[in-house]
Amino acid sequence: MSSDEGAPIYSPFFGVMGAASAIIFSALGAAYGTAKAGTGIAAMSVMRPELIMKSIIPVVMAGIIAIYGLVVAVLIAGNLEKVPKYDLYTGFTHLGAGLAVGFSGLAAGFAIGIVGDAGVRGTAQQPRLFVGMILILIFAEVLGLYGLIVAIYLYTK
């Protein structure tokens, strides 16, 4: 295709796939983190019901991962145009942005779920473990934040 013909007709497909990837993969990570940490909370609540509200933190942190993907998906979807204005380069950068936040959100959700499950169960037995669990959860959450930063950087290119 020559440069005077304009962008290919399939250019917006990559942008749409970027928006879909952002929300799908980050929501999968958030759902896994919520489910895994939730089972730990349920098991912990049998031994120490007074710690239930304190143990909700991993579930909240897992939910934030989905918000990262939602932000990027809305940004990409808001920038979608018809073919003459939406070129292949823009489609590929939007795909990269969606995959960056999506896959990092998936990884962060897995980490939050595993740490949250083991952390709340351990906190029920040894309350001093709580601060360590929070620190590890922060390090797991920041993985999703890194993906959001890269996604926003790619989106603005």
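Which side chain meets Glu50 in a salt bridge? Select Arg48: the two side chains pair there at 2.7 Å, N to O, a salt bridge being a side-chain nitrogen of Lys or Arg within 4 Å of a carboxyl oxygen of Asp or Glu. Glu50 is exposed at 55% relative accessibility, while Arg48 is partly exposed at 24% (buried is under 20% relative accessible area, exposed over 50%, partly exposed in between, with a 1.4 Å probe and protein chains only).

Before moving on, note that this is a predicted model, where local features need pLDDT of at least 70, side-chain atom pairs count only at pLDDT 80 or more, and totals for chains, interfaces and linings use all residues. Residues are numbered from 1 along each chain as its sequence is written, and side-chain values use heavy atoms, leaving out hydrogens and water.

Next, select Asp117, which is buried at 10% relative accessibility. Arg121 meets Asp117 in a salt bridge of 2.7 Å, N to O. Lys36 sits in helix α1 (residues 11–47) and Asp117 in helix α3, 81 residues apart (helices are DSSP runs of H or I, at least four residues; strands are runs of E, at least two). Shared partners join Lys36, Asp117 and Arg121 into one network.

For the last stop, show α2 (residues 57–78) beside α3 (residues 88–125): their axes come within 8 Å and cross at roughly 175° (axes are lines fitted to C-alpha atoms, for helices over the stretch in contact, with angles from 0 to 180 degrees between N-to-C directions).
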